[in-house]
Amino acid sequence: MVIVKTTVRRDVLTLPAAPLGPENPLPPLRPLREVHRPDERDKQDLPRDMARQLGHEPLRSILPVRVLDGYGRERTETELDTLVIENDRLRATVLPGYGGRVHSLLHKPTGRELLYRNPVLQPAGFALNGAWFSGGVEWNIGATGHTTLSCAPVHAAAVTAPDGGPMLRLWEWERLRDLPFQVDLWLPEDSDFLHVGVRVRNPHEKPAPVYWWSNIAVPEECRVLVPADEAWRFTYTGGLRKVPVPEVEGVDRTYPERGEHPADYFYDVPDGARRWIAAVDEDGHGVVQTSTDLPRGRKLFVWGSGRGGRRWQRWLTEPGAGGYAEIQSGLARTQLEHVRLDAEAEFSWLESYGPIAARPDRAHGDWRGARDEVAARLADALPREAVDAAYEAWLPHADAEPGERLATGSGWGALEVLRAGHKLPGTPFEESTLGPEQTPWLELLRTGAVPEPRKVAPPGPTLVSRHWRDMLETAPARPLTEYHLGVAQWHAGDRAQAVRSWERGLELAPSRWPLLRCLAFADQEEGHGERAADRYAEAFDDLCQERRDDGVAWTAATAALGREAITALLAADRPEAAREVWRRLHHTTREEGRFRLLDARICYAEGDLAAVRAVFDEGFEVADLREGAEILGELWTAATGGEPVPERYDFRMRPPAE
C-alpha cells in the first residue's frame, strides 16, 4: 500500500453558484434585525457569569463592515478556488474566498462525507452583514450570529506543522471587534482527525468582547450526542429556558427532525467533563468534534419539521439535496454571550474533527447508554490526553511565519498594523495587501486629511473605531470628511454631534445625497417620519441627477437608496411619492424580487388589493430575506383578508399564533 503523506495544495471546485453582487454603499447605521435576543425576564434565573456575559458589550452596528445584499437566486456553474489538506485518511477542502470555510471533510477509507456538503452556493440573508450560505464548517467570530466574513476572502498560507509536515493557516482581521485571528488546519500523517488550532488576539490597550462558534453542518437524518443532561433552549419567540436532555415535552429533541419549529439547544456540559459533540446516522456512523477545555459551549440548531423550517431548508440548497442541522462548539455556554478578552492577551485552543463509528443499538438507545457509547468510541479513536498533547505541540508553532502564500484576504489588517505598529508573529498583514478601499484612509493616516474624490462616485466605506474617529475630528472639515465623521460619531452613540457633522458637510457638498440620506435616517430614528420622508425623497432625486451611468456602483446605490426611500415614504403614508421613486429605478432593479415586494407594498398602500394579489400570483423571490422575517406572510394575510399563506411565501420560524 502506498502511504500518502500530508499535503497542502490548491485546487478548483465547480458548483452552481449565485454571484455575490456589489456591496450596499449605504453605511449601515443600525444593527440588522436581531432575532437572537432573549427576553429580559429570562435573565433573572441564569447563572451569574452567564447573565453578565449576555449583556457584555452588545454590538452597536455592523460598521465598519458593509451590507452584502446584491446577490440573486440565479445560479450558474462557477469555478471556486479551494485549498486542500489531506493524508491517506482524510481530505479537507477549504474555501479561502468564503471565510476559510471547510466545504468538505471526506473520510477516504470508507468514502464517507462527514459533513453536510451543500451541492450549491446560494447566498441568503443570515450573516450579520447579509450574505451567508449553508454547509461545511464555518468559523464564526465577531458577535452573535454568522460572521461578516462568511462570504469574504481570508489570507492563507502553508506553515510547518509540529510533526514536520505541512499545515494550512488561515487568518484575517475581524473588523466588528477589531481583532486579528488565525485558524491552523493540521492533519498528522495517518491520522483520522483534523486538528484545528485557533487563536484570537487582542493587540489593544483595553479589553475586547470576543465571540467564537465553530459551526458544523451535518445531515439532519441523525442523532446528536453530547455529554449533558440539560440544555438552554432558545426559540424564535425570544424565550431562553433550561430543559432536560434528551426529551422535552415528550419528544426526543436529539433527533433534529422531531421538533416542529426552529430552535437552539445550548448544552450544559458539566465542568470537568470532556468537551465533545457528535452526530450519528441510523447505522451509528457520523462525525465527532472535540476540543481542549476552553470552548465550553456545545449546541444543536434544528430547522424543525414545520412548513417555515422546511421552506428555509429548500431555500438554501436545491431540490433533493436533503436537509441539515448544525452542531456547534463555542467559547461561552450560549451564542447570546460575549466573553471578555483582556488587553494585549489572547485566547487559544485546539479542536479535532473526525469520523465516529458507534454500535447503532447503543447510539440510538437510552440517553445515558448512547452517550457512554460514543464517549467510549471517541476515547478509543482519540483520547482526551491526545487532544491536549496536540494543543501543546501546536501552540509553539502558532507564531511560525507563513511560507508560500495560497490566498489573499483584505487589506484592512495591513492598515491597522501600519496605524498602530502591532507585532503579530504568525499572521503578517503586509502592505502589499492594501487596496483602493484603504487608500483614502492611508492618506488620512499619513497626511492628516481625507482626500477629496477625483471623480463623482458613491462614497467608500467609513472606519469608525476611536482612533480613526479622532483623526477625522482633527482633519480639515471638508464635506467628505464630515460625512465619514458623522458616520463614526453615530456609531459611537453621539447622535446629536453626528447630525451636526452631516449638516455642516451638506452646506458645501458637491454630492448631497449621501449626507441627506444620513440625515433622513437620523430623522427616522428620532421619530420625525414626515421630515425623514422629505429628505429621503430629496436624496433620491439628487442621486438620480448625479449618477453618471448604469454601471454596477451607481445601480447599487440607486437600488439601495430607492429601497430605503420607498420604505420611509410608505411609513409616512405617501404611496404616490413612493410609486414615483419606484418608477425611477432601473428596469432590471424593478424586476428583482425585493422590489417586486416593494411594488406589492405600494399597491397595498394605494388600496389596490387585486394588484397585490397579482404580484403574489405571478411569483417572486426576495433573495435577501432576513432570518426570522415575516413580511411576506403578513402582507399576504392583510391583502387577502386572512387566507392561508402559500407555502412558497411561508418562512415563519415560530408558531403562527405567537
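Does Phe-620 count as buried or exposed, and at what relative accessibility? Phe-620 counts as buried, because its relative accessibility is 6%, below the 20% under which a residue is called buried. The model on display is predicted, and the tour below begins with the whole chain before returning to this residue.

**The whole chain**

Display the complete chain as a cartoon. It comprises 18 helices and 27 strands. Its radius of gyration is 25 Å, close to the 26 Å that the globule rule gives for 658 residues, so the chain is as compact as a globular protein of that length. Along the principal axes, the C-alpha trace spans about 70 × 60 × 50 Å.

Of the 658 residues, 59% count as buried. Among contacts between residues at least 6 apart in sequence, 71% join residues at least 24 apart.

**Phe-620 and its partner**

Select Phe-620 together with Tyr-649. The structure holds 25 aromatic pairs. Phe-620 and Tyr-649 form a tilted one, with 5.3 Å from centre to centre and 35° between the planes. Phe-620 lies in the loop between helix H17 (609-618) and helix H18 (631-640), while Tyr-649 lies in the segment after H18, so the pair ties together parts that are 29 residues apart in sequence. Tyr-649 is also buried, with a relative accessible area of 3%.

**An aromatic cluster**

Now select Tyr-116, Phe-126, Trp-132, Phe-301, Trp-303, Trp-312, Trp-315, Tyr-324 and Phe-651. These residues form one aromatic cluster.

**Arginine over aromatic rings**

Two further selections show an arginine placed over a ring. Arg-175 lies over the face of Trp-412, at 4.0 Å from the ring centre. In the other selection, the charged end of Arg-258 sits over the ring of Tyr-255, 3.9 Å from its centre.

**Helix H14**

Finally, select residues 575-584, which make up helix H14. Which residues of this helix are buried? They are Pro-575, Ala-578, Arg-579, Val-581 and Trp-582. These residues cover an arc of only 160° around the axis, which puts them on the same side of H14. Glu-576 and Arg-583, on the other side of the helix, are exposed.

How values were computed
Residues are numbered from 1 along each chain as its sequence is written. This is a predicted model: local features need pLDDT of at least 70, side-chain atom pairs count only at pLDDT 80 or more; totals for chains, interfaces and linings use all residues. Side-chain values use heavy atoms; hydrogens and water are left out. Rings of Phe, Tyr and Trp (its six-membered ring) pair if their centres lie within 6.5 Å; planes under 30 degrees apart count as stacked, over 60 as edge-to-face and the rest as tilted. Helices (H or I, at least four residues) and strands (E, at least two) are DSSP runs, numbered from the N terminus. Buried means under 20% relative accessible area, exposed over 50%, partly exposed in between (1.4 Å probe, protein chains only). A charge sits over a ring if NZ of Lys or CZ of Arg is within 6 Å of the ring centre and within 35 degrees of the ring normal. The arc is that of the directions from the helix axis to the C-beta atoms. The radius of gyration is taken over C-alpha atoms; the globule rule is 2.2 Å times the number of residues to the power 0.38. Contact means heavy atoms within 4.5 Å.
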